Amino acid sequence: MLSALLAGPALIPTLLAMLGVTSVGLGLAVWTGRTHRRKAHLGAVAASAVLFVSTVGVAEMLGRAYSFDPTALRVHLWFAHAATLALVATVVTGIYR
């Protein structure tokens, strides 16, 4: 549904906004974890994970709307996959703890 509303250039500010909101959510998750606010931390982690997945979705739509240099895309995707694996590992170890 979002892809029907946004296309091409409109995705860039949307992606930047999503990156900002996701960063704030991640910062909140880190802060609540460091200050031992368990309930708030769990909520912040859940929210930042949902925001991360949403941001990846918008980035995917942007990637389909534009043509990128294959080498740059390969490097970007390596880091994107590493970030996703880090998220999964963090959530799994958090649940296990």
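Being four residues apart in helix H3 (residues 38-65), Arg-64 and Glu-60 are separated by about one helical turn; helices here are DSSP runs of H or I with at least four residues, strands are E runs of at least two, and both are numbered from the N terminus. The side chains of these two residues, Arg-64 and Glu-60, meet in a salt bridge, with 3.0 Å from N to O. A salt bridge is counted when a side-chain nitrogen of Lys or Arg lies within 4 Å of a carboxyl oxygen of Asp or Glu. A search of the whole structure finds one such bridge. Arg-64 is exposed, with a relative accessible area of 69%, whereas Glu-60 is partly exposed at 42% (buried means under 20%, exposed over 50%, partly exposed in between, with a 1.4 Å probe and protein chains only).

The model is predicted: local features need pLDDT of at least 70, side-chain atom pairs count only at pLDDT 80 or more, and totals for chains, interfaces and linings use all residues. Residues are numbered from 1 along each chain as its sequence is written, and side-chain values use heavy atoms, leaving out hydrogens and water.

Now to the chain as a whole. The protein chain has four helices and zero strands, giving the pattern α-α-α-α along the sequence. Its C-alpha trace spans about 45 × 30 × 20 Å along the principal axes. Of the contacts with a separation of 6 or more, 68% link residues 24 or more positions apart, a contact being heavy atoms within 4.5 Å.

The chain exposes about 7,300 Å², with carbon and sulfur atoms supplying 73% of it (Shrake-Rupley method, 1.4 Å probe; for residues, only the protein chains shown count as cover).
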